[in-house]
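Thanks for coming, everyone. Let me put the model on the screen, and then we will walk through it.

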Amino acid sequence: MSSLGLYIPGGSPLHRMRAGTKLVLMLLAGAGSVLLDHPWQAAAAVAVALLGYAVARLSWRVALRQVRPLLWIVGFVAVFHTVVNGWERAVVFVGMIVSLVLLAGLVTLTTRTTDMVDAVVHGLRPLRRVGVHPERVGLLMALGIRSVPVVVGLAEEVRDAQRARGLTASPRAFAVPLIVRSLRHADALGDALVARGVDD
Amino acid sequence: MPLIDVRGVTHAYGDGQARRLVLRDVSVTLSEQRIGVIGANGSGKSTFVRLLNGLVLPAEGTVSVHGLDTRKHGREVRKRVGFCFTDPDAQIVMPTVAEDVAFGLRRRGLGKAEVAARVRATLDSYGLADHADHPAHLLSGGQKQLLALSSVLVTEPDVLVLDEPTTLLDLRNAAVVQRVVRDLPHQVVLVTHHLDLLDGFDRVLVFDEARLVYDGQPDAAVAFYRELMAREVLG
């Protein structure tokens, strides 16, 4: 969990690259991924993403941690396409998903959140004319990243409380307190943001 | 010291039958450097301190800091009055330690170099320099509370309001926070259930059932509060 999409300090060329450049390259990779058509191309895409981890001096374990949460989805996609479209298409789709997730992880692992937020705010400035508030979008993005470990922590506490009371796996007994506690956290976070001058 | 003036404040949450009075006709002027606020859960003490930086606007009455009314000059008041909450997790808004300390400064439009220098100095002061690039959620409870304090103090407020900052901490971490608060040059308003935190304070307010029921020296105020609680429990 600790290195899932969180900045790891370093001095590699990827760490030094501008956040905006990395985000644009990520977007281009996402758009270009639809052109993947052969298994060797998909394998090359994954290899390029892994090369990025080597350039950023990040271990293969960190790379693996980025895709581990997707194993179920990847497994389902692989089986589905193997049965319906054949193994070649399965390899293409799995390669596409894995390479994009690896690249997205690479961007967040080598970019400070504030730099990423600044890049997004800068990129959205032209949309101010149509009513978009770039600073608010940037803040939303930062809060989203910050809230992931908080909600994971709340979920673990709820699960522990369930076990302590001898409750078996009940989706309702898990979801209701988690939602209530997440909403309370959001409320408290709102107060903290006001106290820190965000709404002024 | 800044002058905090609370005049004829009454406040309630909810409407109709669900209306719950949380403060009733409170008037007090605070000019001391160390002010403690104690009372049972639901006595109104947290609402009282939330009035001081405009997080809560009074239904009746006025609150002013250095002559600035919280209703009319909320932004200015919040720049002067920093607020630290009980749960640091609800207060840390950025993913890493240094980014969270920089958050308030960046919003004030300071240049990158100045922000970096002030963040570095603040992290050094509170023993967090080695954790600058660490994810905030991996810090210990005490370190998180120190980070929350640092993120408020880096913006250089005149007054620091702390709402039960040690409630979620063990004795060691509570002692660290106590030492940091004791050494601050700021005016401090501290809400707490840990009565030993009030050692060396200048004045303590006791709240009970939405009223300010005692206002005086810490020893006398704590004795009054203990007796009040004993009376309520024993009947």
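Accessible areas here come from the Shrake-Rupley method with a 1.4 Å probe, and for residues only the protein chains shown count as cover.

Some ground rules. This is a predicted model, where local features need pLDDT of at least 70 and side-chain atom pairs count only at pLDDT 80 or more, while totals for chains, interfaces and linings use all residues. Residues are numbered from 1 along each chain as its sequence is written, chains are lettered from A and ligands numbered from 1 in the order in which they are written, and side-chain values use heavy atoms, with hydrogens and water left out.

Now the fold of chain A. It has 9 helices and 0 strands. Helices (H or I, at least four residues) and strands (E, at least two) are DSSP runs, numbered from the N terminus. The C-alpha atoms fill a box of roughly 50 × 50 × 35 Å along the principal axes. Of the 200 residues in chain A, 35% are buried. Buried means under 20% relative accessible area, exposed means over 50%, and partly exposed is in between, with a 1.4 Å probe and protein chains only.

Look at contacts within chain A. Take those with a separation of 6 or more: 71% are between residues 24 or more positions apart. A contact means heavy atoms within 4.5 Å.

Next, a surface feature. A:Phe76, A:Val79, A:Phe80, A:Val83 and A:Val84 form a nonpolar patch, with about 540 Å² of accessible area together. Patch residues have over 30% relative accessible area and no salt bridge; like charges are joined within 9 Å, and nonpolar side chains (Val, Leu, Ile, Met, Phe, Trp, Tyr) within 5 Å. A:Val84 sits in helix α5, residues 71–84. Why does A:Val84 count as exposed? Because its relative accessibility is 52%.

On to the interface. Chain A brings 27 residues to the contact, and chain B brings 26. About 2600 Å² is buried between the two chains, with 58% from carbon and sulfur atoms. That buried area is the accessible area (1.4 Å probe) that two parts lose on being put together, summed over both.

How many salt bridges cross between chain A and chain B? The rule finds 5. The rule asks for a side-chain nitrogen of Lys or Arg within 4 Å of a carboxyl oxygen of Asp or Glu. B:Asp100 pairs this way with A:Arg196, with the closest N and O atoms 3.3 Å apart. On the chain A side, α7 (113–124), α8 (134–164) and α9 (171–195) each give two or more residues. Helix α9 of chain A gives the most, with 8 residues.

Last, chain B. B:Thr166 lies in the loop between β7 (159–163) and α6 (171–182). B:Thr166 is buried, at 0% relative accessible area. Its side chain makes a polar contact with the side chain of B:His194, at 2.8 Å. A polar contact is a pair of N or O atoms within 3.5 Å; within protein, one must be able to donate a hydrogen and the other to accept it, and residues adjacent in sequence count only if both atoms are side-chain atoms.

One more loop. B:His66 has a positive phi of about 55° although it is not a glycine. B:His66 sits between β4 (60–65) and β5 (68–69).
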